[in-house]
Amino acid sequence: MRAYDPVTVAIPLAYRLEKIMLEKKSLPSGDEVKTILKELGLEELYSGKGLALLRNQDVVVLVFPRESLVIDVIPATGEVSDALEVIAYHDRKLNALILEVLPANDIEYEGGNIGVEPAIISLESGELESAPPSSETLGKGGKMGFTS
């Protein structure tokens, strides 16, 4: 699959991150994120000091692996209004891992609401508590999520 815009990177990335989070019951490491992005066809240009930079001819991706995980996916044209963020973090109040795909710039986002609900993974049960519907499960009463 060719990653040619932020959506074609962010959604497959979120799918793979959700699988890792469900299996490990923890946030993915920066190295795991970089491996996924390379498999999506991006080349690593820089990694160090709490930042990784990957790109192909169509998108630029910044990875900030810290206590939470923030991944900015920006079109190579520099149109920040079309950029997306994939965010994963541990919500201590809910005792859950949260995975979201959001417009990087809510004010100027031209595509409107991308319509992806956050995935919420309970650390007590290890199960998805809330997740976006997948195209395979809509209307079928099956599990919901990036990985369904």
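# Exercises on a predicted fold

Buried residues make up 41% of the 148 residues of the protein, where buried means under 20% relative accessible area with a 1.4 Å probe, protein chains only. This is a predicted model, in which local features need pLDDT of at least 70, side-chain atom pairs count only at pLDDT 80 or more, and totals for chains, interfaces and linings use all residues. Residues are numbered from 1 along each chain as its sequence is written, and side-chain values use heavy atoms, without hydrogens and water.

**Exercise 1.** State how many helices and strands the protein has, and their order.

*Solution.* Step one: helices (H or I, at least four residues) and strands (E, at least two) are DSSP runs, numbered from the N terminus. Step two: the count comes to two helices and eight strands. Step three: from the N terminus on, the elements run α-α-β-β-β-β-β-β-β-β.

**Exercise 2.** Describe how β3 is joined to β4.

*Solution.* Step one: β3 (residues 59-65) and β4 (residues 69-75) run antiparallel. Step two: seven bridges join them. Step three: L62 has D72 in β4 as its bridge partner.

Definitions and conventions. Two strands pair if DSSP finds at least two bridges between them. Buried means under 20% relative accessible area, exposed over 50%, partly exposed in between (1.4 Å probe, protein chains only).
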